[in-house]
Amino acid sequence: MELSNTSVFLQKKGIRMREKINESVSVVMYYSATKRVAAPHTISWRNTEYRVGKIGYHHTIMEGKTLHHIYELVDTQGSLWFRLNLDTSNLHWNLEAVHDGNTH
Amino acid sequence: MEIPINHNAPQVMHIDLNSCFAIIEQQANPLLRHRPVAVAAYDSPGGMVIASSYEAKALGIKLGVNVREARLLSPDVHVLTPDPEKYFNAHKRFKEVLLKYTNEVTPKSVDEFVIDFRGSRVLQAGRSLEDIGMQIKQDIKNALGEYVTVNIGIGPNRFLAKLAAGLNKPDGMDRIDGNNLRDIYAGLELTDLPGINVRYEARLNIAGIYTPLQFLDAPVIMLRKRVFKSIVGFYWHLRLRGHEVDMIKFGRKSFGQQYALAKKTRDKQELSRLLMKLCEKTGRRLRGQDYIASGIHLWLGFENRMHWAKGKRVRGDIYATQDIYLHAQKLLNEVPIPARVTNIGVTVFNLRPANPQQLGLFDDSRLDAKSLARAADAVNDRYGEFTVVPASMANMQDVIIKRVAFGSTNDL
């Protein structure tokens, strides 16, 4: 199978397929008062910036009394999927997993 | 007495989310869309597939195959482990959509709902159920995502609505009523009917019934006396004709937890530790819904496909985790272990409400144990599961992970 540029890039970083990451990441978030929507806009991870494209699913979970927002989204090129966790007790972002769309 | 077919206008809707867990994963990760996806209990070779996408089903990857077989059927299948919190969230959003139409919404499982529109304002306003169904489909896309599709069945009773929902998957909408009932039955097998499994089919076959139409036309006396040998035969007679017999709401009878061991073992100490965690999870649910039990059941499955199970009623209350563990451990001590254990499950039964409490003259210490259990639950509610645990459960946070109950929505 021919690998996409993103996959080659990820493999150079030692990341393959869908992988648990669990690293702190920098995230720019926006809020639209007209649409009343808040969502991540840009993710900065391992010296690379990714503009957020489509948000696949957003849900919340409780860990004890702490609310976490989970965003599952792809970059604007639609080649890389991220799972982000926003801890509302300290507003820290954690990158939980990435996926390049490949199974191998 | 033969009952005629119900020709009233259908007012029951059955909605089920297509390939629920797999489609939610495809919604969450657009890179998985239009690809074979299997959600498996574990992503190790022996892990069982619990849901698969339509693309995976087309390749033969269905419920119950294991990950090794799934990968043999399609090397490109994406195998994911379940994300219960996400599925519960989807279930809640799904329900919220339906509650906009009527309060008579009954969850049948994490991905199925029945809506009873009898007397609802939307019908009184003159809208057809098909029109409402189309709007529900769109509302679900708005609430859950554009990739999510549902099947809708419309019928005069729950049975026919469920049957209609299964006629055209995915994203179908069908109606069964008194006018097309016979035509629909003519195109189906007995096991296509919800509630008719191969054993019921065999019973019907013995009585000379081989098709749904023959089942429909069978005299009620024959169904009662020869086929089902009980009132169940009369219920089937009504159900097949579109009369409602399935509106009974069953109360809570038991709480239980089970676990498929990632590492099979015959080590009783290890089993005892796993059992403690199952008891803690069972106890949390029991106390969370304010019940006290007085019966306990333990079962084990072995790799040689043998099973062992034993239940007993106990004197006194089962409320705190330690109560459950004490009785479960006693049962575990009785188990002969012929092979490595693959599954273990514990259930408490004989439930009664925890409040009001019946206080005995001499049970000060029991009251303390209950207060302690409630206090520990309060800490765990605030700081997360397993923050406070009995000493024997130390360092077991990830040993038994949260699972999705398919059939039950009692704890959602």
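This is a predicted model: local features need pLDDT of at least 70, side-chain atom pairs count only at pLDDT 80 or more; totals for chains, interfaces and linings use all residues.
Which hand does the crossing of helix 13 of chain B and helix 14 of chain B have? This crossing is right-handed.

**Helix 13 with helix 14**

- Helix 13 of chain B covers residues 268–288 and helix 14 of chain B covers residues 321–333; their axes come within 8 Å and cross at roughly 140°.
- From helix 13 of chain B, the contact draws on B:Lys268, B:Leu271, B:Ser272, B:Leu275, B:Met276, B:Cys279, B:Glu280, B:Thr282, B:Gly283 and B:Arg287.
- Helix 14 of chain B answers with B:Thr321, B:Ile324, B:Tyr325, B:Ala328, B:Gln329, B:Leu332 and B:Asn333.
- Sorted by class, the contact of helix 13 of chain B with helix 14 of chain B has eight nonpolar, six polar and three charged residues.

**Helix 4 with helix 6**

- The axes of helix 4 (residues 84–99) of chain B and helix 6 (residues 129–144) of chain B come within 10 Å, crossing at roughly 140°.
- These two helices of chain B, helix 4 and helix 6, are therefore oblique to each other.
- Helix 4 of chain B makes a right-handed crossing as it passes helix 6 of chain B.
- On the helix 4 side of chain B you will find B:Ala90, B:Arg93, B:Phe94, B:Val97 and B:Leu98, which meet B:Ile136, B:Asp139, B:Ile140, B:Ala143 and B:Leu144 of helix 6 of chain B.
- This contact of helix 4 of chain B with helix 6 of chain B counts eight nonpolar and two charged residues, with no polar ones.

**Helix 1 with helix 4**

- Helix 4 of chain B also packs with helix 1 (residues 20–28) of chain B, at an angle of about 95° and with the axes 10 Å apart.
- Helix 1 of chain B and helix 4 of chain B are therefore roughly perpendicular to each other.
- B:Phe21, B:Ile24, B:Glu25 and B:Ala28 of helix 1 of chain B meet B:Lys86, B:Tyr87 and B:Ala90 of helix 4 of chain B.
- Five nonpolar and two charged residues make up the contact of helix 1 of chain B with helix 4 of chain B, and no polar residue takes part.

**Aromatic rings and charges**

- Over all chains, the structure holds 10 aromatic pairs.
- A cluster linked by ring pairs contains B:Phe159, B:Tyr200, B:Phe215, B:Phe228 and B:Trp236.
- B:Trp236 from that cluster also has B:Arg239 over its face, at 4.5 Å from the ring centre.
- Elsewhere, B:Lys57 places its charged end over the ring of B:Tyr54, 4.8 Å from the ring's centre.

**Backbone details**

- B:Lys169 and B:Pro170 are joined by a cis peptide bond, with omega about -10°.
- B:Pro170 belongs to the loop between helix 7 (158–165) and strand 8 (173–175) of chain B.
- B:Ser19 is a residue other than glycine with a positive phi, near 40°.
- The loop that holds B:Ser19 runs between strand 1 (12–17) and helix 1 of chain B.

Terms used. Residues are numbered from 1 along each chain as its sequence is written. Chains are lettered from A and ligands numbered from 1 in the order in which they are written. Side-chain values use heavy atoms; hydrogens and water are left out. Axes are lines fitted to C-alpha atoms, for helices over the stretch in contact, and angles run from 0 to 180 degrees between N-to-C directions. Helices (H or I, at least four residues) and strands (E, at least two) are DSSP runs, numbered from the N terminus. Angles under 35 degrees count as roughly parallel, over 145 as roughly antiparallel, 65 to 115 as roughly perpendicular and the rest as oblique. A crossing is left-handed if the near helix is turned anticlockwise from the far one by less than a right angle, and right-handed if clockwise. Contact means heavy atoms within 4.5 Å. Ala, Val, Leu, Ile, Met, Phe, Trp, Tyr, Cys and Pro count as nonpolar, Asp, Glu, Lys and Arg as charged, and the others, Gly among them, as polar. Rings of Phe, Tyr and Trp (its six-membered ring) pair if their centres lie within 6.5 Å; planes under 30 degrees apart count as stacked, over 60 as edge-to-face and the rest as tilted. A charge sits over a ring if NZ of Lys or CZ of Arg is within 6 Å of the ring centre and within 35 degrees of the ring normal.
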